Amino acid sequence: MVNLRDNGVFLIDGEKIVDEGAPEAAGFTRDTAKTGTMAFSILQAHNKSDDKTNLNIRFDKLTSHDITFVGILQTARASGLERFPVPYVLTNCHNSLCAVGGTINEDDHMFGLSCAKKYGGVYVPPHQAVIHQFAREMLAEGGAMILGSDSHTRYGALGTMAIGEGGPEIVKQLLEQTYDIPMPEVVAVYLKGAPIPGVGPQDVALAIIGAVFENGYVNNKVMEFVGPGVENLSVDFRIGVDVMTTETTCLSSIWRTDSAVRDFYEIHKRPDAYRELKPADVTYYDGIVEVDLSKIKPMIAMPFHPSNVFTIDEVNENPGDILREVEKKASVSLENNDIDFKLTDKIHDGHIMVEQGVIAGCAGGGYENLSDAADILRGHNIGSDAFSLSVYPASQPILMELVKNGTIAEFIAAGATVRTAFCGPCFGAGDVPANRGLSIRHSTRNFPNREGSKVTNGQIASVALMDARSIAATAANKGVLTAATDIDVKYTRAAYHFDKSIYDARVYNGIGKAMPETPIQFGPNIVDWPEMISLTDNILLKMASVIHDPVTTTDELIPSGETSSYRSNPLGLAEFTLSRKDPAYVGRAKEAHLVEKARQNGEDMYNVDDKLKDVYAKLEQKMSVNPRETGLGTVIYAVKPGDGSAREQAASCQRVLGGLANIAKSYATKRYRSNLINWGMLPFVIDDGFDFEVGDYIYVPGIREAVLESRDDITAYVVRDDISEITLHLGALTDREREIILKGCLINYNRK
């Protein structure tokens, strides 16, 4: 089904795989053949540096949504923003329900509209399109690069290299700075064969994620989709696989393009956006993921991660053992909560019963997914018991076409509810299941509490990821877990016709028409970033949280869902930091921040924290210290933090509460590490498994000098009853990243 090779390979004429080191590869040169990837040519075309190994990238277009654009624009304004130098699209697909917090969500939308007018951007009103569908329909271009402040910014199937990053990286582009990365490795995803009927893009995506996530095979690399199987997939199918590459932790993706992609651009009234892309006659890849599409079966990603994959057949054949194993894994994440998590209670008469189905967003809400799901439901209904089904077309043009050809009527007749374009089900702001409910979703993620439940309130619910076709098959079977391949169905999928007039009438397009005199419309929840000071010569870190989970998601660092309404208020949002993982964190961080404020104000620090005097006394027995010149802040330790969302608040919330660093064995994604750096936090890595405890003090002398001198090995001291010496690492930092950390944050770095 999916096979990984341990070595690099050469791809000949886009078809033949030759292992590096094989006799057939004797005449090939790796360095030369590496330049034959599609990724190499696109990256180098956007590289503003003469150095082909350390890239300074300028993107063609930028995208953000209403959870992220207020903070981004506030940061850019504080840094001297005068206009948008490239097209910047502000979509409103996350807080579009305006259901929490009174006026604050619509206030954010009006802020975005006024900024689009002032600086010359594009504003997509609520319910028109989810961010990524609008980008596919209106922004993607062959050979182009797009940067978005959402982790699922992936348009590789259309020939666009797209990257999801935290807001500060968008700010850099708005200020005409660059995105600085080493030239990434490129891994081929070699597709062959064709999917069997009933298998959809989510099935292929989950099979790939299951093969590559845990071993980090494509971590921070580019996935390049090639091979004869590409032409056997429709463009909608390719898009559905492509958007899920984010869950592999790759940097970006790119696909070979063909006449089907040309047709896509023609259908969407942008024929000039097409460009043929293919690897060179001899191309070297740093690894290869071989996928036999004909052997992919309907898949399910069980709670609580997209990589926790099984075939639906496996689960139905052995539900007890598999669900007990899922319960056991989940206990690691839920160990600090008084929750009796069960999934085995979903087994009834040997079958797994689910309570909810959702087909939504950038992954599930595409035209073909919904068309095929409706065909499966035709002549069936979902019943009058606990099971419910909701569908969210990804854009108004898709919804319009489904209305015109009668597909929506099929859903309504079957008992499903049809909603507008909205990302809520992907992050816990819509269709929250009942306590202990199990929801099957064609969406992007199924992390703990991602569906909206709150463990700190005694709630727990679960999401399993599936393809729209198997969700529809389950719905037709009244909630009994069913693979689409077990349903006898004739797929009738009508041709798609894109109606651009919907956007022409509703979307504000200010590209090239900036109106500097436009006043920005603020709401009472929109608050400026608090002041953050530069890095001191030495720092004393107080351990505010210790997380031993194998991977810590951004949802656990700052919850999604209703907290999204407060993302325009840095201090208001910070109150939710780690609230579902370590509810005591915020109080600890505030206590430490009061000490630092006392230091900055020349007040008695020991009067705020009486333990601090003893800490410095112990340190002074070993070395010379100057408490007045030593910045004090909090740190969290996590084994592998940062899997998931690109949103910067996972880092900035720690920073506004006085955070100065993270310590990890490794970082799950580049984007989370970048967020730490851009908010002036030190992204420490530790080799040895030091057993940190909450309340530990960690003294890092000479840290400013170490950053200035690009030192990687940094000696630090953990203060308890005695003092333990440890070695921390900062890893590779660019000159700009070092300067940002030294200045205290990106705003300070850019402020004129």
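This is a predicted model: local features need pLDDT of at least 70, side-chain atom pairs count only at pLDDT 80 or more; totals for chains, interfaces and linings use all residues.
Which residues does H305 touch, not counting residues up to four places away in sequence?

View 1. H305 touches F213, N446, F447 and D643, leaving aside residues up to four places away in sequence. H305 is buried, because its relative accessible area is 11% and the cut-off for buried is under 20%. T553 is 248 residues from H305 in sequence, yet the C-alpha atoms of H305 and T553 are 9.8 Å apart in space.

**View 2. A cis peptide bond between P303 and F304.** Omega of this bond is about 5°. Most peptide bonds, in general, are trans.

**View 3. I131 and its contacts.** I131 is part of helix 5, which covers residues 131–138. Its relative accessibility is 2%, so I131 counts as buried. Leaving out residues up to four places away in sequence, I131 touches T63, S64, H65, T91, C93 and Y155. V694 is another matter: I131 and V694 are 563 residues apart in sequence and 39 Å apart in space, from C-alpha to C-alpha.

**View 4. Helix 24, residues 649–656, under cover.** Eight of the eight residues in helix 24 are buried. They are Q649, A650, A651, S652, C653, Q654, R655 and V656. These buried residues pack against several helices: helix 19 (554–557), helix 20 (570–574), helix 21 (585–600) and helix 25 (670–678). They also pack against strand 28 (630–638) and strand 30 (659–664). G658 follows helix 24 and has a positive phi, near 100°.

**View 5. The salt bridge of E290 with R5.** A search of the whole structure gives 38 salt bridges. In the one formed by E290 and R5, the closest N and O atoms are 2.8 Å apart. E290 sits in strand 15 (residues 287–292) and R5 in the loop between strand 1 (2–4) and strand 2, so the pair ties together parts 285 residues apart in sequence. Both ends are covered: E290 is buried, and R5 is buried too.

**View 6. The salt bridge of D499 with K404.** The closest N and O atoms of this pair are 4.0 Å apart. D499 lies in the loop between helix 17 (468–476) and helix 18 (501–506), and K404 lies in helix 14 (residues 396–404). The pair links distant parts of the chain, 95 residues apart. K404 is exposed, with a relative accessible area of 56%.

**View 7. The salt bridge of E556 with K581.** Here the closest N and O atoms are 3.6 Å apart. E556 is in helix 19, and K581 is in the loop between helix 20 and helix 21; the two are 25 residues apart. At 7% relative accessibility, E556 counts as buried. K581 is buried as well, with a relative accessible area of 7%. Helix 19, which holds E556, is also one of the elements that the buried residues of helix 24 pack against.

View 8. Side chains of opposite charge can pair when their charged atoms come close.

**View 9. A surface patch of negative charge.** D13, E15, E231 and D281 gather in this patch. E15 is placed in the loop between strand 2 (9–12) and strand 3 (16–19). E15 is partly exposed, at a relative accessible area of 43%.

View 10. R436 is not a glycine, yet its phi is positive, about 70°. R436 is in the loop between helix 16 (424–427) and strand 23 (438–442). It is partly exposed, with a relative accessible area of 35%. K478, also a residue other than glycine, has a positive phi near 60°. K478 lies in the loop between helix 17 and helix 18. It is partly exposed, with a relative accessible area of 39%. Most residues other than glycine have a negative phi.

Definitions and conventions:
Residues are numbered from 1 along each chain as its sequence is written. Side-chain values use heavy atoms; hydrogens and water are left out. Patches are made of residues with over 30% relative accessible area and no salt bridge: like charges are joined within 9 Å, nonpolar side chains (Val, Leu, Ile, Met, Phe, Trp, Tyr) within 5 Å. Accessible areas come from the Shrake-Rupley method with a 1.4 Å probe; for residues, only the protein chains shown count as cover. A salt bridge is a side-chain nitrogen of Lys or Arg within 4 Å of a carboxyl oxygen of Asp or Glu. Lys and Arg count as positive and Asp and Glu as negative; His and the chain ends are not counted. The place of a charge is taken as NZ of Lys, CZ of Arg, CG of Asp or CD of Glu. Helices (H or I, at least four residues) and strands (E, at least two) are DSSP runs, numbered from the N terminus. Buried means under 20% relative accessible area, exposed over 50%, partly exposed in between (1.4 Å probe, protein chains only). Contact means heavy atoms within 4.5 Å.
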